[in-house]
Amino acid sequence: MAKNSELKTETPERLVNDWFVTAVVQDGPVSTCLDAVIAELASRGAFVEAVRQRLTSELIPVDTVTDLSQRIRALENTLRFRLPMLTADRPSAWFRAPSATTTGPFQAALLSEPVFAAYDAVDVAKVEQALSKAWQSRDLKDLPFSDDAPCLWTTLLRHNSRLEEICQLPVPFANLRLDELPQGMPPELQCRSLTSFLTNVRGELIGARERLTGCYQQLRESSLRLWLVQRRQLMEQESRRQRSQRGAQDIRDEFRRRRSQTTTAAPLLGPADLEALRFMGFEGLPAPGDLRQRYIAMAKKLHPDLQGGDDQAFKLLVNAYSRLTSRVEA
């Protein structure tokens, strides 16, 4: 069959909308020409099917992008209403479901999840890192919570993962993304109406991405307040634990020292006695005369009636001297 030479001189923009032009410009017998058309149409059909898989679902009455947009709107309303009311000095409120599920004169629907599912406060650093990693990777396998209870953080991360799933086309078009098309679309798939359709889809997906990013920033900035308080509490607990250990160790050391003495054992010193010794600069119980001389020297510096004196420090000196006097005279 003779080929139409005029078609070969047509511009690509005009030929791309003529689905049968492949048969006319194809070299070979008729069967080969028609097979080329069928193959090209099958490729286009496969592409449309790939797009359909990402944009439709039998489980929802609307398209997936609209469904996700509605879910993001519910999350936005919830964060806007609830986050300003949460304070770091009441951490239980962050792990508790809200009492109200609507707000405002038009009764905007709110999500009923707490901000966080349960986690151990000692793991606060791991929680912060895990949530940031899950947002970046869109992988929800290693969430840091101790149970599977829903919370606003998991809702946000699931929306983020769902958005990525919609954007990424399946094989054999895995190198194409709906949030980037129609740029990079193969020439054999291009046409004006498809370009217009994909441009609208891309705009909706980019808008959803921006809104989700805004939700993430709000939720993270608010969570940082709680995490800061939890870190301070952990530091205070550790400090108290170390002080307690030091006090217990001081008592044990003093007990061993007294037991090792061959002379009559001196009174066992308690934590308050050891603190008094440290305050006055002694490593062990001094002789009564040394104790009095040290008291007089320190009193001349700390007495509140003297220049540079310190009333609070002088009171501590008097208490320390009184306690140690009772020990050295025992």
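Leaving aside its neighbours within four places in sequence, which residues is glutamine 230 in contact with? The partners are Phe95, Tyr119, Ala121 and Val124. Glutamine 230 itself belongs to helix α8. Its relative accessible area is 7%, so it counts as buried, the cut-off being under 20%.

This is a predicted model, and confidence comes next. The mean pLDDT of the protein chain is 86. A score of at least 70 is reached by 89% of the residues. Among the elements, helix α7 (residues 152-167) has the highest mean pLDDT, 97. Helix α1 (residues 5-8) has the lowest, 46. Across residues 1-11 the pLDDT is below 50. That stretch has 14 contacts in the model beyond near neighbours in sequence. Where pLDDT is low, the predicted coordinates should not be read in detail.

Now turn to helix α5, which spans residues 64-82. It has 19 residues. From first C-alpha to last it reaches 27 Å, close to the 27 Å expected at 1.5 Å a residue. Aspartate 63 caps its N-terminal end. There, a side-chain oxygen of aspartate 63 lies 3.1 Å from the backbone nitrogen of valine 65. Threonine 78 also sits in α5. Is threonine 78 buried or exposed? It is buried, because its relative accessibility is 0% and the cut-off is under 20%. Not counting residues up to four places away in sequence, threonine 78 touches Leu83, Leu110, Leu111 and Leu152.

Helix α7 holds histidine 159. This residue has a relative accessibility of 10% and therefore counts as buried.

Isoleucine 206 and leucine 163 are 43 residues apart in sequence. In space they are 9.8 Å apart, C-alpha to C-alpha. Isoleucine 206 has a relative accessible area of 37%, so it is partly exposed rather than buried.

The largest nonpolar core has 51 residues. Those with the most contacts inside it are Phe47, Val115, Phe116, Trp153, Leu156 and Leu178. Helices α4 (30-55), α5, α6 (124-137), α7 and α8 each supply at least two residues of this core. Which helix gives the largest share? Helix α8 does, with eleven residues. Take phenylalanine 47 as a case. Leaving aside neighbours within four places in sequence, phenylalanine 47 is in contact with Leu169, Phe173, Leu176, Leu181, Met185, Leu189, Leu194 and Leu198. A second, separate core has 18 residues, including Leu274, Leu277, Ala299 and Leu302.

Last, the cysteines. How many disulfides does the structure hold? The count is zero. Cysteine 167 has 1% relative accessibility and so counts as buried. Cysteine 191, at 23%, counts as partly exposed.

How values were computed:
Residues numbered from 1 in each chain as written. Predicted model: local features only at pLDDT ≥ 70, side-chain atom pairs only at ≥ 80, totals over all residues. Heavy atoms only, no water. Buried < 20%, exposed > 50% of the residue type's maximum accessible area, 1.4 Å probe, protein only. Helix = DSSP H or I, 4+ residues; strand = E, 2+ residues; numbered from the N terminus. Contact = heavy atoms within 4.5 Å. pLDDT = per-residue confidence, 0-100. Expected span 1.5 Å × (residues − 1). Polar contact = N/O pair within 3.5 Å; in protein donor to acceptor, adjacent residues only side chain to side chain. Disulfide = S-S within 2.5 Å. Core = buried A, V, L, I, M, F, W, Y, C linked by side-chain atoms within 4.5 Å.
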